Amino acid sequence: MQGQLFAILFVTLCVGTLAEDEFLYKQFTDPERDAFYYGKFQEDFAWGVATASYQIEGAWNEDGKGPSVWDTFAHTPGKTHLNQTADVTCDSYHKIAEDVKNLKELGVNHYRFSLSWSRIMPKGTPDEINPAGVQYYHDLIDALLSANIQPMVTLYHWDMPQVLMDIGGWENELMHALFVAYADFCFNEYGGKVTKWITFNEPTVFTVFGYEIGYHAPGKTHLGWGAYRAGHIVLKAHASAYHLYDKKYRASQNGVVGITLHARWYEPKTDTDADRAAAHRALTGELGWFAHPVFLTGDYPEVAKELIAAKSRAVGLTSSRFPEFTEEEKQMLKGSADFFGLNHYSTSYIENKVDASLIPNIMSDLDYKASEDDSWDRTGSWWLRPVPWGLRRTLKWIKKTYGDIPVYITENGMSENDGPVRLEDTDRVTYYRAYINEILKAQQIDGVNLKGYIAWTLMDNFEWAEGYNERFGLFHVDFNDPDRPRTARASAKAFAQIIKDNGFIKVKEKSEL
């Protein structure tokens, strides 16, 4: 999970495209917007929580696991808050039973977790398999199924084997085939038990933060091209893995494969054509970079290609910094997902800003400026302000842009800072109730094909470069205790009640049940 990408997007749309989406940007006053809505989700609605392998497992060098890029990055002084690492973190590698017990306490029917590539394949390839790592995930999946909880498995949540980074990571075309080989092994090994797969989590974030600005592993600062090149290879790897599953495993395993993308809602700061155009291109930049190829055209938005090509020529380059797909690759990409995974946390105001004096890089390709409303509440993360109506608008935009694709909210939650233990987290209770109410409106009023809601996160964990300073957990974790005890917060009980009710029931209706 990372929401701070709102300031690092790249796509520009012209003002001339506004008419078809004009309704999105004149809703400054909406009588219905903040009204609480009562109702229930469908009976088969997916309720769950999410985690990621590096953030919770620990056991970083146990039982044959190889080092990942995040092991290397976090062990480098100055890269994380107080030089903290995830060497132990929540110790979930040794606590399957306790984690599943807490999942049962919440009443979820899905658990989204990721596989550690380097725990399964220490050298990054199927030539060397780690039996202990393979068995760990079998044990976890079996425990979930025994508790009537369906696994939703992410293949890649940022912790690439370090040995693959040594050959260039996602900037190396070899990663396309290497990822497909890894996916093939996982589909074959676990596909008889797993029917919901996610190829990549938030590729916009890990390519920009990892290959463009160096804030995350692997810490590269290849300004102007690193994220574009890495993202290009990620997209091809995703599509190839999808088609592999479709051709080799779908008939026998009857599963689905999607991809999870991050998006904030972008509201124009003023009701002017310039700011409305900027908000539109910012949102398209967040989603369109990866969503357009997968869910729409098989290619990047034309305006993005034209803009980046023009900015490349302006600095004397003979070709665009933005890679191009072949016709065959476009056909492979188009329609290469069974569902849209959406991670959403917050909203920003957007205003038009063009500055030709900036050195060409991913930030200066944007032509917009993001800000927040001072009246919006603060959380433990500078980039996260609770703005519940932004999620509904994001879902409506996805439906309008990409059609009736099934959508899962695969992450949504709020943070607090490390400090005295605070179990009565009423602000988080308010956040969850408000955001879940907005998705209910999106489904039942706006007709969004919403299939499930997965909260971030089950428990406090290692929040990447922020270490243990930002806590998103429904369960508090005591990282000062070697046993890493988990304790339910008030938000865990509130979320469990929403799940039990399958939505929101008026008090009178409850009393009649």
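Outside the four places on either side of it in sequence, Leu-103 touches Val-49, Val-108, Tyr-111, Leu-144, Ile-149 and Leu-458. The model in which these contacts occur is predicted. Leu-103 belongs to helix H3, which covers residues 96-106. With a relative accessible area of 1%, below the 20% limit, Leu-103 is classed as buried. Its C-alpha atom is separated by 22 Å from that of His-344, a residue 241 positions away along the chain.

**The barrel**

Eight strands close into a barrel, and their order is S2-S3-S4-S5-S6-S8-S11-S13. The pairing in this barrel is parallel. On average, neighbouring strands of this sheet are turned by 25 degrees against each other, direction ignored. Strand S11 (residues 407-411) and strand S13 (residues 450-456) run parallel and are joined by 3 bridges. Within this pairing, Tyr-408 stands opposite Gly-452 in S13. Helix H15 packs on the sheet, where it touches strand S2 (46-50), S11 and S13. The direction of H15 makes about 165 degrees with that of S13. Helix H5 (residues 131-146) lies across strand S3 (110-114) and strand S4 (150-156). Relative to S3, helix H5 runs at about 170 degrees.

**The open sheet**

A sheet of 3 strands, in the order S7-S9-S10, is open and has mixed pairing. Strand S7 (265-268) and strand S10 (368-371) stand at the edges; each has a single partner strand, so one side of each lacks a neighbour in the sheet. From one strand to the next, the twist averages 40 degrees. Strand S9 (residues 347-352) runs antiparallel to S10, and 4 bridges join the two.

| Helix | Strand | Angle between directions |
|---|---|---|
| H5 | S3 | about 170 degrees |
| H15 | S13 | about 165 degrees |

**The largest pocket**

The volume of the largest pocket is about 330 Å³. Its lining consists of 20 residues, of which Pro-386, Pro-388, Thr-430, Tyr-431 and Ala-434 are the closest to the centre. Helix H15 (residues 426-444) supplies the largest share of this lining, with 7 residues. By residue class, the lining of the largest pocket divides into 10 nonpolar, 3 polar and 7 charged residues.

**Ala-239 in helix H9**

Ala-239 is found in helix H9, which spans residues 226-248. Ala-239 has a relative accessible area of 0% and is buried. Not counting residues up to four places away in sequence, Ala-239 touches Met-332, Leu-333 and Ser-336. The C-alpha atoms of Ala-239 and Glu-43 are separated by 31 Å, and the two residues lie 196 residues apart along the chain.

Notes
Residues numbered from 1 in each chain as written. Predicted model: local features only at pLDDT ≥ 70, side-chain atom pairs only at ≥ 80, totals over all residues. Heavy atoms only, no water. Buried < 20%, exposed > 50% of the residue type's maximum accessible area, 1.4 Å probe, protein only. Contact = heavy atoms within 4.5 Å. 1 Å grid on protein atoms, 1.4 Å probe; cavity = no way out; pocket = protein on both sides within 12 Å on 5 of 7 lines; lining within 4 Å. Points joined across faces, edges and corners; volume = space filled by probe spheres on them. Nonpolar A, V, L, I, M, F, W, Y, C, P; charged D, E, K, R; others polar. Pairing = 2+ DSSP bridges. Axes fitted to C-alpha atoms, helices over the stretch in contact; angles between N-to-C directions.
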